[in-house]
Amino acid sequence: MSGILNSSIGRKFAMAISALFLMFFLLQHFAINILSVFSPNAFNEASHFMGTFWAVQYLLQPVLIFGVIFHFVMGFVLELKNNKARQVSYAKNNGAANSSWMSRNMIWSGLAILAFIVLHFIDFWIPEINTKFIDGDMSGLLPNGEFRYYEELTHKFVSPLRVGAYVLAFVFLALHLLHGFNSAFQSVGANNKYTKALKGFSKVYAIGIPLGFIFIALFHHFNH
Amino acid sequence: MNLTLKIWRQKDANDKGKIVDYQISNVSPDMSFLEMLDVLNSEIITKGEEPVAFDHDCREGICGACSLYINGEAHGPDRLVTTCQLHMRKFKDGDTIFIEPFRAKAFPVIKDLVVDRGAFDRIQHAGGFVSVNTSGNTQDANAIPIEKVNADKAFDAATCIGCGACVASCKNSSAMLFVSAKVSQFALLPQGQVEATDRVLNMVNQMDEEGFGNCTNTGACEVECPKGISLENIARMNREFLTASLKG
């Protein structure tokens, strides 16, 4: 058991588990954000609950941060190890003949997503932590007595530059998921009669969720 | 056909090596790729130069000896064939063809296009067998009922010839398709169950020690495999390994 993470398959399994967790988180994140399109009140209520409920803040949030950091660090470690496994490159290599662009460039789409997460932390997470845990304001209210969450969200999508960066990041996320979703199931050993159906679902998820986030950003940008 | 060949030449394991250009004319489309190289070598020898070294044995696509990375693909552009079964009709007059050895840290070049695939032998020695004492009253193999679907999958896995195309094609030089085929052919049969735990742990451990990379599920190995070994075997090996790790 102790040797699992020192083995190639163990590391692959750990990558897959963290990926599955992050994909579940992404779905939950989308479910809340899409509320902002249909009902600002529902979005405010859901955001306030997620931002103040102790189990989310003190249990799920640390697990999420660990999951994100683990996935990125392990991804870089594996990339470096894999590069060492071929010390002389081919003079001519036709990768497109046997594999998808997405599968061969997970490190680049991953780096683009990492850049987005840095932006997202500066945009959202750091001010949120500052308000709640430095200033100690857990009310979630603006001075006028209304919830601040919807106002903050729509304010973020005023700048066309930021909206452009968000859209681009979600394009990279779609590319990452187009390979990553299915790959995670293969890594945990799930390749069976359901694999074909899973591949179909993975395409729907990989394109649908990022497209949904892009829709939310554009919706608020053009409706502000 | 007249062709330009760009061939990797390397005097020995310590030589740096480089691509050398050769022109060859009057190549018949009916020649196999190795026959074309035989003709080239005849011309090179006639000039008093060192012929191009490459691996080959049965030339029937069953021994796994031939290799070659041709125009950026293991065993060339055709599917489900080894280099010896690749024919020149797959190329056009005037083509430039890159011919390189299978590249991986675990497959060091010995000379020109010949690589040392001994790492695969060492992985096999680590557990790719069934220890059955055949002295005395050996049971008839047909006396043990095996589901047809499992028998077929075990046979499919057993068709792996260990050529190394999976390693050569993988961007990470991963050997997981090969190892998973060898694990699967026994894991699917009752005869392989007794040593199943040790087999998968030892073979994967040896694979890691040899310096092969990690699988990232690009699927290139499955596409380039001359025997069509399925990625399903890698998923099975992952399950076997994780279960064995928890047990042991």
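In chain B, 18 residues of domain 1 are in contact with 16 residues of domain 2. Contact here means that the C-beta atoms of two residues, placed from the backbone, lie within 7 Å. This is a predicted model: local features need pLDDT of at least 70, side-chain atom pairs count only at pLDDT 80 or more, and totals for chains, interfaces and linings use all residues. Residues are numbered from 1 along each chain as its sequence is written, while chains are lettered from A and ligands numbered from 1 in the order in which they are written.

Domain 1 of chain B covers 3-111 and domain 2 covers 118-247; these bounds come from an automatic or database domain assignment. Taken over C-alpha atoms, the domain centres of chain B are 29 Å apart. The side of domain 1 of chain B that touches domain 2 holds 10 nonpolar, five polar and three charged residues. Ala, Val, Leu, Ile, Met, Phe, Trp, Tyr, Cys and Pro count as nonpolar, Asp, Glu, Lys and Arg as charged, and the others, Gly among them, as polar.

Look next at helix 2 of chain B, residues 118-125. Helices (H or I, at least four residues) and strands (E, at least two) are DSSP runs, numbered from the N terminus. Ala119(B), Phe120(B) and Ile123(B) are buried in helix 2. They span an arc of only 100° around the axis, which puts them on the same side of helix 2 of chain B. The arc is that of the directions from the helix axis to the C-beta atoms. The buried residues of helix 2 of chain B pack against helix 5 (176-187) and helix 6 of chain B. Gly118(B), Asp121(B) and His125(B) are exposed, on the face turned away from the buried side of helix 2. A residue is buried if 20 or more other C-beta atoms, placed from the backbone, lie within 10 Å of its own, exposed if 12 or fewer, and partly exposed in between.

Now the partner chain. Chain A has nine helices and zero strands. Its C-alpha trace spans about 65 × 40 × 35 Å along the principal axes of chain A. Of the 224 residues in chain A, 25% are buried.

Between the chains, 37 residues of chain B are in contact with 36 residues of chain A. Strand 5 (96-100), helix 6 (196-209), helix 7 (220-224) and helix 8 (232-247) of chain B each supply at least two residues of the side that touches chain A. Helix 8 of chain B gives the largest share, eight residues. That side of chain B divides into 14 nonpolar, 14 polar and nine charged residues.
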